[in-house]
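Here is a short report on one structure. Have the sequence and the 3D view open while reading.

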Amino acid sequence: MTKIHCFDDIYIKLLLPEDVTEEYVSWINDSETNKYLVTQKTSLNECKKYVLNKYKDNNTVFYGIYHNERHIGNIKIEKIDNKLKCGCLGIMIGNKNYRSKGYGTKIINFFCKYSFDTLNLNLILLGVLKENIRAIKCYLKCGYKEIKNINLVNSKIVNDYLIKYKFINDDERIYMILVK
Ligand SMILES: CC(C)(COP(=O)(O)OP(=O)(O)OC[C@H]1O[C@@H](n2cnc3c(N)ncnc32)[C@H](O)[C@@H]1OP(=O)(O)O)[C@@H](O)C(=O)NCCC(=O)NCCS
């Protein structure tokens with residue numbers, strides 16, 4: 001798979017089932033990490049199936065994040081809606097040694113710009129648990145704003161997107177948005 005250079009020694013590449021390792025599986029099964037994720041538990045086979053499904057899904061782009069040759073996490077845009085020109089961001093820096101050092105901010109900055117350009121999107125949303133302070137701080141640094149706090153020119157599009165993909169408002173999560 002083609003490597004896409006992000007910055008310094010960091011690159012991303014589309015993930016394939018053969019890229020799934022026990023180390024990657026261990027990130028998902030780690031309680032400190034999965035408390036912030038949708039998936040809470042997996043096995044090598046389940047994880048390979050998950051990656052294959054994402055690879056085949058026309059409305060998803062799912063990349064591994066690599067430092068030199070080392071897989072350190074994943075980043076994706078899913079629920080891509082070509083009509084509304086909207087998608088939803090997900091990121092996990094699985095290797096804890098790479099967290100809170102500014103990598104997340106730099107990778108998201110690169111990846112959102114790259115996705116706006118290559119996927120023809122105007123808006124990239126995300127959902128995050130309110131208790132995930134580190135993630136929220138990172139998203140704010142990348143220019144994300146909490147949806148309910150802003151008066152969007154695109155508010156009808158955002159509303160349609162939230163309804164279509166069943167982003168349900170709850171007390172635990174906030175939704176944020178980045179505009180091209
Ligand atoms: C969320 C995530 C992508 C952020 O990437 P990162 O590289 O760790 O983030 P950054 O270092 O760029 O920015 C994090 C900021 O939060 C701060 N921070 C870290 N831990 C914190 C804490 N416990 N309380 C308050 N701030 C904290 C950092 O100091 C940094 O802010 P600063 O640059 O002003 O100092 C990464 O930590 C991760 O993958 N976490 C596990 C999975 C996850 O939560 N995914 C997101 C699901 S929505």
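Tyr175 lies in strand E8; helices (H or I, at least four residues) and strands (E, at least two) are DSSP runs, numbered from the N terminus. This is a predicted model: local features need pLDDT of at least 70, side-chain atom pairs count only at pLDDT 80 or more, and totals for chains, interfaces and linings use all residues. Residue numbers start from 1 along each chain, as its sequence is written.

Tyr175 touches Leu125, Gly127, Ile147 and Phe167, not counting residues up to four places away in sequence. Contact here means that the C-beta atoms, placed from the backbone, lie within 7 Å. Tyr144 is 31 residues from Tyr175 along the chain, and their C-alpha atoms are separated by 9.6 Å.

### The sheet

Which order do the strands take? The 8 strands form an open sheet, ordered E1-E2-E3-E4-E5-E6-E8-E7, with mixed pairing. The edges are strand E1 (4-7) and strand E7 (145-146), each pairing on one side only. Two strands pair if DSSP finds at least two bridges between them. Strands of a sheet pair through backbone hydrogen bonds, either parallel or antiparallel.

Strand E5 shows both senses. E4 and E5 pair in the antiparallel sense over 7 bridges. E5 and strand E6 (residues 123-129) run parallel, joined by 3 bridges. Gly73 stands opposite Ile93 in E5. On the E6 side, Cys86 stands opposite Leu123, and Cys88 stands opposite Leu125.

E5 is mostly covered, with 6 of its 8 residues buried. E6 is mostly covered too: 5 of its 7 residues are buried.

### Turns and loops

E4 and E5 form a hairpin with 4 residues between them. Lys85 sits in that turn and has a positive phi of about 55°, although Lys85 is not a glycine. Asn68 is not a glycine either, yet has a positive phi of about 55°. Asn68 lies in the loop between E3 and E4. Lys156 lies in helix H6 (residues 155-164). Lys156 and Leu84 are 72 residues apart in sequence, but 9.9 Å apart in space, C-alpha to C-alpha.

| Residue | C-beta atoms within 10 Å | State |
|---|---|---|
| Asn68 | 9 other C-beta atoms within 10 Å | exposed |
| Lys85 | 18 C-beta neighbours inside 10 Å | partly exposed |
| Lys156 | 10 other C-beta atoms within 10 Å | exposed |

### The core

The largest nonpolar core has 42 residues. Such a core is a set of buried Ala, Val, Leu, Ile, Met, Phe, Trp, Tyr and Cys residues joined through C-beta atoms within 7 Å. Ile124, Leu125, Leu126 and Ile177 touch the most other members. Leaving out residues up to four places away in sequence, Ile124 touches Ile77, Gly87, Leu89, Cys112, Ser115 and Leu178.

Now take Ile77, in strand E4. Ile77 counts as buried because it has 24 C-beta neighbours inside 10 Å. Beyond its neighbours within four places in sequence, its contacts include Val61, Leu119 and Ile124. Ile77 and Ile10 are 67 residues apart in sequence and 18 Å apart in space, C-alpha to C-alpha.

### The ligand shell

Which residues come nearest to the ligand? Of the 19 residues around the ligand, these are Tyr36, Ile93, Gly104, Thr105 and Ala135. Strand E5 (86-93), helix H4 (103-119) and helix H5 (133-141) each give two or more residues to this shell. A residue is near a molecule if its C-beta atom, placed from the backbone, lies within 6 Å of it. H5 gives the largest share, 5 residues.

The shell divides into 9 nonpolar, 6 polar and 4 charged residues. Ala, Val, Leu, Ile, Met, Phe, Trp, Tyr, Cys and Pro count as nonpolar, Asp, Glu, Lys and Arg as charged, and the others, Gly among them, as polar.

Notes:
A residue is buried if 20 or more other C-beta atoms lie within 10 Å of its own, exposed if 12 or fewer, and partly exposed in between; C-beta atoms are placed from the backbone. Two residues are in contact if their C-beta atoms, placed from the backbone, lie within 7 Å.
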